[in-house]
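Visitor: I would like to learn how charged side chains get their labels. Can you take me through it?

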Amino acid sequence: ITAGGERLQGTVLRGIGGFYTVLAEDGQLCTLRAQRKIKRGGMKPKVGDRVEILPGTGEEDGWLQSILPRKNELERPPVANIDRIVLVASAAAPQADLMLMDQMLIAARRKRIEPMLVVSKCELDPGSAAAIARQYRGAGLEVRVVSAVTGEGVASLREALAGSVHALA
């Protein structure tokens, strides 16, 4: 906490029940409530938002005072200021909803957010994994096929995501 109750900047990590967890620029995690002026202005803080905060003291909650301008935002999932959206589809159960996937891809591209598709559980149904990957690669999308069980593709995925701010959906 800064001396004299000065404002800090931070990034929203989570929002639950009107309380927001923010990672402040000085490294501390703060639990905050949004000031009424934010709510009245029709804005709701999203994960990834850069914000100005006034941390609380002791057991007192602090305040989220303003939301800084967003580089981009999505409604589903509700995130802001990301470089990439990683859409995850299962090659096995639960069956991937490719219509929903298409809608999310369109929304990302409209917001100039780079999309990537990850087909998971490839060890359970290799044929389905290959078919989904082929379909989306044909549409010019970067596709990764992975298995958490066998480790296939996981290192490559980590490498591809390193250094970027991304959301998984």
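Guide: Start with accessibility: buried means under 20% relative accessible area, exposed over 50%, and partly exposed in between (1.4 Å probe, protein chains only). This is a predicted model: local features need pLDDT of at least 70, side-chain atom pairs count only at pLDDT 80 or more, and totals for chains, interfaces and linings use all residues. Side-chain values use heavy atoms, without hydrogens and water, and residues are numbered from 1 along each chain as its sequence is written.

Visitor: Why does Asp-83 count as partly exposed?

Guide: Its relative accessibility is 30%. That lies between the cut-offs, so Asp-83 is partly exposed.

Visitor: What makes Asp-83 and Lys-71 a salt bridge?

Guide: A salt bridge needs a side-chain nitrogen of Lys or Arg within 4 Å of a carboxyl oxygen of Asp or Glu. Here the closest N and O atoms are 2.5 Å apart, so the pair qualifies.

Visitor: Why is Lys-71 called exposed?

Guide: Its relative accessible area is 54%. That is over 50%, so Lys-71 is exposed.

Visitor: How do you know that Glu-75 and Lys-46 form a salt bridge?

Guide: Their closest N and O atoms are 2.9 Å apart.

Visitor: How many salt bridges does a search of the whole structure find?

Guide: The search finds nine.
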